[in-house]
Amino acid sequence: MAKTTFPTVDKCTSIGREQHAVVADMDGTLLRDRSSFPYFALVAFEVGGILRLLFLLLATPLAGLLYYFVSESAGIQVLIFATFSGMRVSDIESVARAVLPKFYSSDVHPETWRVFSACGKRCVLTANPTIMVEAFLKDVLGADLVLGTKIATYKGRATGLVCKPGVLVGKNKADALEKAFGETQPDIGLGDRDTDTPFMSLCKEAFIVPPQPKVKPVIMDKLPKPIIFHDGRLVQKPTPLMALLTILWIPIGFVLACLRMAVGALLPMSLVYYALMALGVSVTIKGTPPPQAKKSIGQSGVLFICSHRTLLDPVFLSIALGHAIPAVTYSISRLSEIISPIKTVRLSRDRAKDASIIKKLLEEGDLAICPEGTTCREPFLLRFSALFAELTDQLVPVAMVNRMSMFHGTTTRGWKGMDPFYFSMNPSPAYEVTFLNKLPLELTCTCGKSSHEVANYIQRVIAATLSYECTNFTRKDKYRALAGNDGTVVEKPLLKANKVRGCNSWA
């Protein structure tokens, strides 16, 4: 047994390893979880939807039988075929860049990482498809070399088969290591199972990572690059049980979502709060909002400056106020615009034109704006656009935070029109709206402050309320990191809409 051949990883010193080369397995070694099913399930769902996830789940018993009673390679081949067959390679790469790093990062083994991160040259040998893991291993963990299973493709689509020499397990790992390193012998080999013995035996030192299901993962802040942006609809890692529950819940959740959204669209805003509470949506209101502006006596509207978590931020702001107020937005799907219970007004990203739109709306009454320009799921605030500060001194910061247990209500890779549905499909979604004090006149542009000073101050106030961290990241940074573009929207004259397609996870 491999366990009796090599000492455990806690016996490996990490001091003075700057010039050493380390070679590590992935599942069960670099990651705590020995099963790769959740990550195949993420690709299946994000690219192929619920039917592909169901197909993978049905194929899993066969994969398990082959894995444990025939060969590790055969079991993994079944998972690869059930997940990848027919998928566009570009879609797989998109999910690998935008979705998987968040889940991988939450499962890094602390002892393995202690050794792996201490070495100057880092190599990972894995049975997982290279296309699935390379982005995470190189961009987030700083691996120099990734040797994994290569999937076969035809005309830009995966066939579901693997290229020679097959799945990288056992002797195939040792052969790949010898080919990559040549005559050079790696300093440290890290593995967790018998089939890792061939490549570990080629290293000067070798250590086994024993199964420790209760060991706590590495805190994400300790990794070289924290995950700030990420995409994907699933909140929790889809274990076989969680995948089954998700499949069973989606039809029920969709009906429930339609009911919740109908309530928001058809009932008076003063009653929506109570109706949503009855339907399982928790809405918590903190602070005291200012009185509604009265146009009849010439009062200018209040501009509510909201942190941006989902497309529904202005809707829940209106629910908290007890009356609907319009919102300006940079990007909204036609479907979301149609079903929205509040008025939404598109901005063009033309500074002069947008300023004119906002001023006109403020003359008519209160208005909501999310100056980050795009959403962020993690506890960070993106840089606030300063335009709003130049247009009025009636500014009220609003800290928005939400909770989703099954589905994320945002996307940059998928269709944004489904965002409200996915949020509402959660069994018990929650929103917390915190009204902060109206900005004192002396802190506005009216009394000499620059628009950037005002925007930065409001960003800091909201961040302090939520215990978030302020950043200088912008919408362009998000899309460049995740989608390979700057998020620029091309206007379609017939639709008069700005439509963005992108991916999503900062590494």
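I began with the surface: the protein exposes about 22,100 Å², of which carbon and sulfur atoms supply 58%; accessible areas here come from the Shrake-Rupley method with a 1.4 Å probe, and for residues only the protein chains shown count as cover. I note that this is a predicted model, in which local features need pLDDT of at least 70 and side-chain atom pairs count only at pLDDT 80 or more, while totals for chains, interfaces and linings use all residues. Residues are numbered from 1 along each chain as its sequence is written, and side-chain values use heavy atoms, with hydrogens and water left out.

I then looked up the overall build and found 18 helices and 18 strands, these being DSSP runs numbered from the N terminus (helices H or I, at least four residues; strands E, at least two). The C-alpha trace spans about 85 × 50 × 40 Å along its principal axes. Of the 507 residues, 55% are buried, where buried means under 20% relative accessible area, exposed over 50%, and partly exposed in between (1.4 Å probe, protein chains only). Counting contacts (heavy atoms within 4.5 Å) between residues at least 6 apart in sequence, I see that 74% join residues at least 24 apart.

**Valine 396**

Next I went to valine 396, which is found in strand 14 and counts as buried because its relative accessibility is 1%. Beyond its neighbours within four places in sequence, valine 396 is in contact with Pro290, Val302, Leu303, Phe304, Ile305, Leu436 and Lys438. I checked one of these, proline 290: it is 106 residues from valine 396 in sequence, and the two C-alpha atoms are 8.2 Å apart.

**Threonine 411**

I placed threonine 411 in the loop between strand 14 (395-403) and helix 16 (419-424). Is threonine 411 buried or exposed? At 7% relative accessibility, threonine 411 counts as buried. Its side chain reaches the backbone nitrogen of glycine 414 at 2.8 Å, and a polar contact is a pair of N or O atoms within 3.5 Å, where within protein one must be able to donate a hydrogen and the other to accept it, and residues adjacent in sequence count only if both atoms are side-chain atoms.

**Phenylalanine 316**

Last, I looked up phenylalanine 316 in helix 13 (residues 313-321), which counts as buried at 4% relative accessibility. Not counting residues up to four places away in sequence, phenylalanine 316 touches Leu276, Val281, Val283, Met400, Phe423, Tyr431 and Val433.
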